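Here is a friendly walk through one model, written for someone who likes cut-offs spelled out. Have a look at the fold, and then read on.

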Amino acid sequence: MSGPRRAGHPLWIAYEMLAMLLGLGALAVLCLLWLPCALLLRPLLPRPTGQALGRRAIMYGFRFYLGFLQWFCACRFDLAELDRLRDAGPLIVAANHPSLLDVVLIASRLPDAVCVIKAALLDRLLFGAAARLAGYIRNDAPLEMILQARAELRDGAQLVIFPEGSRTAGFPLDPFAPGCGLLAWRAATPVQTLLIEFSTPYLGKAWPLFRRPQLPLHCRIRLGQRFPPPVDHAAFTRELAAYFRAELGQNTASTATGAA
């Protein structure tokens with residue numbers, strides 16, 4: 001069944017509903033399976049060992065999950081460019097944030113990724129235990145966030161941050177918070193940009209969790225420009241936002257309208 005005819009066919013709509021339930025259910029099962037391990041290992045293991053194990057578990061778990069989505073849920077992911085960062089050393093990895101899947105996509109390819117995430121996620125039992133074991137950083141205490149981020153970068157981690165601070169509401173990009181520029185300035189660390197592109201805004205800020213996807217779903221992550229450590233963090237924040245807006249602007253129409 002091709003293109004428009006397939007998209008509106010009752011059987012295809014039923015499959016999209018089934019794929020949504022399978023996808024969300026598989027992620028919940030993976031989190032539940034790892035939950036008791038993460039809770040037990042965090043107090044038992046030395047912190048460096050626990051973090052390394054936690055990050056590897058997240059990487060392989062997310063990689064399995066994306067494979068599941070490709071096999072059973074008509075999702076297509078082009079993440080090959082991320083592999084070029086695996087041996088790149090400490091970096092601040094800055095990405096736009098169109099979907100709830102963004103952390104899953106990035107962490108599935110980077111074994112030393114440390115994500116700056118919402119404090120509310122770290123406080124939730126289902127997701128928070130794994131994130132705490134991996135040493136992910138909460139975003140609600142700016143000074144502590146900077147100190148933790150600097151320590152992780154010194155230890156060779158790659159810090160993943162979304163400069164918009166939340167999922168994009170006004171495509172192609174929301175205004176940038178100063179956190180990314182401030183971190184790069186204080187840590188004297190280069191900023192590697194990632195450009196995330198979806199065929200539809202599935203699981204974006206305006207997409208309810210249980211609204212069926214428009215399949216097939218295509219996602220690509222491109223490596224963007226790598227910026228040297230800034231000397232003026234405020235000016236750098238403006239420069240970074242302008243760069244993302246220029247790169248993503250050409251894809252605004254397809255992403256915002258949800259064309260499959």
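## A serine and its neighbours

Setting aside residues up to four places away in sequence, Ser108 touches Met59, Phe62, Arg63, Leu66 and Leu79, where contact means heavy atoms within 4.5 Å. Ser108 sits in the loop between helix 4 (102-107) and strand 3; helices (H or I, at least four residues) and strands (E, at least two) are DSSP runs, numbered from the N terminus. With a relative accessible area of 1%, Ser108 is buried. Buried stands for under 20% relative accessible area, exposed for over 50%, and partly exposed for what lies in between (1.4 Å probe, protein chains only).

A word on the source: this is a predicted model, in which local features need pLDDT of at least 70 and side-chain atom pairs count only at pLDDT 80 or more, while totals for chains, interfaces and linings use all residues. Residues are numbered from 1 along each chain as its sequence is written, and side-chain values use heavy atoms, with hydrogens and water left out.

The strands of an open sheet of 7 follow the order 1-7-6-2-5-3-4, and their pairing is mixed. Its edges are strand 1 (75-78) and strand 4 (137-138), each of which pairs on one side only. Two strands pair if DSSP finds at least two bridges between them.

| Strands | Sense | Bridges |
|---|---|---|
| Strand 1 and strand 7 | parallel | 4 bridges |
| Strand 6 and strand 7 | antiparallel | 7 bridges |
| Strand 2 and strand 5 | parallel | 4 bridges |
| Strand 3 and strand 5 | parallel | 3 bridges |

Asp78 has Arg220 in strand 7 as its bridge partner, and Val191 stands opposite Phe227 in strand 7. Val160 in strand 5 stands opposite Val93, and Cys115 also stands opposite Val160.

Which residues of strand 5 point one way, and which the other? Gln158 and Val160 point one way, Leu159 and Ile161 point the other way, and all are buried.

Helix 9 (residues 233-248) lies across strand 2 (91-95), strand 6 (191-198) and strand 7 (217-227), and it runs at about 30 degrees to strand 6. For that angle, axes are lines fitted to C-alpha atoms, for helices over the stretch in contact, and angles run from 0 to 180 degrees between N-to-C directions.

## The core

The largest nonpolar core has 75 residues. Such a core is a set of buried Ala, Val, Leu, Ile, Met, Phe, Trp, Tyr and Cys residues joined through side-chain atoms within 4.5 Å. Ile92, Leu105, Ile106, Tyr136, Leu159, Val191 and Leu194 have the most contacts inside the core. Leaving out residues up to four places away in sequence, the contacts of Leu194 include Leu82, Leu85, Val93, Ile106, Ile221, Leu223 and Phe244.

## A histidine and a proline

Is His97 buried or exposed? His97 counts as buried, at 12% relative accessibility, and it is found in the loop between strand 2 and helix 4. Beyond its neighbours within four places in sequence, His97 is in contact with Asp102, Phe162, Glu164, Ser166, Arg167 and Thr168. His97 and Ile161 are 64 residues apart along the chain, and their C-alpha atoms are separated by 9.4 Å.

Pro43, in helix 2, is exposed, with a relative accessible area of 66%. From Pro43 to Glu247 the C-alpha to C-alpha distance is 44 Å, and the two are 204 residues apart in sequence.

## Pocket and cavities

The largest pocket has a volume of about 1400 Å³. It is lined by 49 residues, of which Leu100, Val103, Ile117, Leu121 and Phe127 are the closest to its centre. Helix 2 gives the largest share of this lining, 8 residues.

The whole structure holds 2 cavities of 30 Å³ or more, and the largest cavity has a volume of about 110 Å³. Its lining has 14 residues, with Ala19, Gly23, Leu69, Cys75 and Tyr202 nearest the centre. Helix 2 (10-44) and helix 3 (47-72) each supply at least two residues of that lining, and the largest share, 4 residues, comes from helix 2.

On a 1 Å grid over the protein atoms alone, a cavity is a set of points where a 1.4 Å probe fits but cannot get out, and a pocket is an open set with protein on both sides within 12 Å along at least five of seven lines; lining residues have an atom within 4 Å of a point. Grid points are joined across faces, edges and corners, and a volume is the space filled by probe spheres set on the points.
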